[in-house]
Amino acid sequence: MATLPTIPLTFTVRRCKPELVAPAKPTPCEQKLLSDIDDQASLRFQVPFVHFYRHQPSMEGKHPAEVIRTALAQTLVLYYPFAGRLREGANGKLIVDCNGEGVLFIKADADVTLQQLGDALQPPFPCFDELLFDVPGSEGVLNCPLLLVQVTRLKCGGFIFAIRLNHAMSDGPGLKQFVSTVAAMARGEATHLIPPVWERHLLDAPNPPRVTFTHHEYDEVEAAATTTTTSLSSDNLVQRSFFFGPAEVSLLRRLLPLHLRHCSKFELLTAFLWRCRSLAINLHPDQEVRMLCVVSARSKIEPPLPQGYYGNSAVFPTALTTVKNLGTNPLGYAVELVKQAKARLTEEYVKSVAALMVIRGKQLHFPNVIGSLIISDLTKLGLEDVDFGWGKAVFAGTAKAVGVMCFFVQAKNKKGEVGTSVAICLPAPAMERFAKELHNMLKWYPIEHTEETKKYFIPSAM
């Protein structure tokens, strides 16, 4: 099992003063409503992405920040809502004030080479706060820039493109579409772009709204009386990445019964991580734990959402069980639960989620407890294909886990094997137990548990 420890590397980043980049041409001044799916309170947070690029001799003499800033202004003509600000209307409804104020942009240089950053790039990245500077006053969801972009040129001629997205505006596919347009503008190849489509009403609740499913993702959760750790509010949080290459995935499949061995890699890894994490965080054996799958509804709507749609399209079907059940059953038990959760995603389920937002109000949050795990698979987005003129990215994906939400991204290990990297955020003691759970399950034997939990644990079935 390959993991990436924190790299003890420091370097200096010289940043220019943050500036607002507005659309290159006048754009409509209007207000646009977000959808009832966009409106979920649980999407009101910022998520950082980062792309690493090598030196390209043909681009000698061009500062990537200047190229990208110009392309960004051109792109905002098409995606002008991104240049606006989110406001809150009646009943908490989110509205984009398309005022053309612009997005935040930072030009920077760093005295470090891409090679020094390592040959197996995965989160957490050294000095990342310097590579995506949190401009004071910019981190809010309302009345703040919807995008923050920093382009940092490296000493070797490569560069790092980092972007922070207000998640209420777009999901991963929406951001990929936007950034791909910026890249095409930067290359001067903007002739075959996918036109952006707003049409947020397509994911609004029906009238009258009807909740037709039980949505465990929004349950109000009370921790069991003997639970020792209930939230991620600790100051002792650490980030760590775990890499799953062909060997690890193959081994995990061998832990499943024959009828489950053709499950998707997402289902397999999600079940595995959920099981290990739930056993590592010292919850009471009877404590309920949840795994929320981030699943796109784009193809579930009839007719499907338009190709250029760049709003949030994800809902969060949920698997629910207890720590004891995860520990005393083989891995296939968790895989079955994940498969069942994904199977709930239908057009009717999406409408039910939207209706729940309308009926119960926009303040519904996911349970903010450590016993919940949210997993989003970004490996098929093709973020690494985004080319600003310097070629494809060496690494492209989310820069870290965000609370109980973690992301699957495509990465390479030191052998050059392509696999899935997963960043996890946990309190330090729980992280150590989590790493041991992963390592020892992959070695086919259990770790030593506390007296409270060991009687509920048996090895995975082979």
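**Close-up views of a predicted model**

**View 1. Asn-143 lies in the loop between α2 and β9 (147-153).** Helices (DSSP runs of H or I, at least four residues) and strands (runs of E, at least two) are numbered from the N terminus. The model is predicted: local features need pLDDT of at least 70, side-chain atom pairs count only at pLDDT 80 or more, and totals for chains, interfaces and linings use all residues. Numbering starts from 1 along each chain as its sequence is written, and side-chain values use heavy atoms, with hydrogens and water left out. Asn-143 is not a glycine, yet its phi is positive, about 60°.

**View 2. Cys-144 sits in the loop that joins α2 to β9.** The relative accessible area of Cys-144 is 7%, so this residue is buried (under 20%; exposed is over 50%, partly exposed in between; 1.4 Å probe, protein chains only). Neighbours within four places in sequence are set aside here. Beyond them, Cys-144 is in contact (heavy atoms within 4.5 Å) with Gly-84, Arg-85, Gly-137 and Ser-138. Glu-101 is 43 residues from Cys-144 along the chain. The C-alpha atoms of Cys-144 and Glu-101 are separated by 9.9 Å.

**View 3. Pro-123 and Pro-124 are joined by a cis peptide bond.** Omega for this bond is about -5°. Pro-124 belongs to the loop running between β8 (103-110) and α2 (128-131).

**View 4. The loop between α3 (172-187) and β11 (237-244) holds Pro-208 and Glu-199.** The peptide bond from Asn-207 to Pro-208 is cis. Its omega is near 5°. Glu-199 has a positive phi, near 40°, though it is a residue other than glycine. With a relative accessibility of 37%, Glu-199 counts as partly exposed.

**View 5. Val-335 is a buried residue of helix α7 (residues 331-343).** The relative accessible area of Val-335 is 0%. Ser-264 is 71 residues from Val-335 in sequence. In space, Val-335 and Ser-264 are 9.7 Å apart, C-alpha to C-alpha.

**View 6. Helix α4 (residues 246-254) packs against α5 at an angle of about 80°.** The two axes are 11 Å apart. Each axis is a line fitted to C-alpha atoms over the stretch in contact, and angles run from 0 to 180 degrees between N-to-C directions. α4 and α5 are therefore roughly perpendicular (65 to 115 degrees; under 35 is roughly parallel, over 145 roughly antiparallel, the rest oblique). On the α4 side, the contact is made by Val-249, Leu-252 and Arg-253. On the α5 side, Lys-265, Leu-268, Leu-269 and Phe-272 meet them. By class, this contact has five nonpolar, no polar and two charged residues. Nonpolar covers Ala, Val, Leu, Ile, Met, Phe, Trp, Tyr, Cys and Pro; charged covers Asp, Glu, Lys and Arg; the others, Gly among them, are polar.

**View 7. Ile-281 is found in the loop between α5 (265-280) and β12 (288-296).** Ile-281 has a relative accessible area of 1%, so this residue is buried. Pro-429 is 148 residues from Ile-281 along the chain. The C-alpha atoms of Ile-281 and Pro-429 are separated by 8.5 Å.

**View 8. The largest pocket has a volume of about 580 Å³.** Of the 25 residues that line this pocket, the closest to its centre are Val-294, Val-295, Ser-296, Ser-376 and Asp-377. A pocket is an open set of points on a 1 Å grid over the protein atoms alone, where a 1.4 Å probe fits, with protein on both sides within 12 Å along at least five of seven lines; lining residues have an atom within 4 Å of a point. Points are joined across faces, edges and corners, and the volume is the space filled by probe spheres set on them. At least two lining residues each come from β5 (46-53), α3, α5, β12, β15 (372-377) and β17 (405-412). β12 gives the largest share of the lining, three residues. By class, the lining of the largest pocket has 14 nonpolar, six polar and five charged residues.

View 9. Of its 462 residues, 57% count as buried. Consider the contacts between residues at least 6 apart in sequence. Among these contacts, 82% join residues at least 24 apart.
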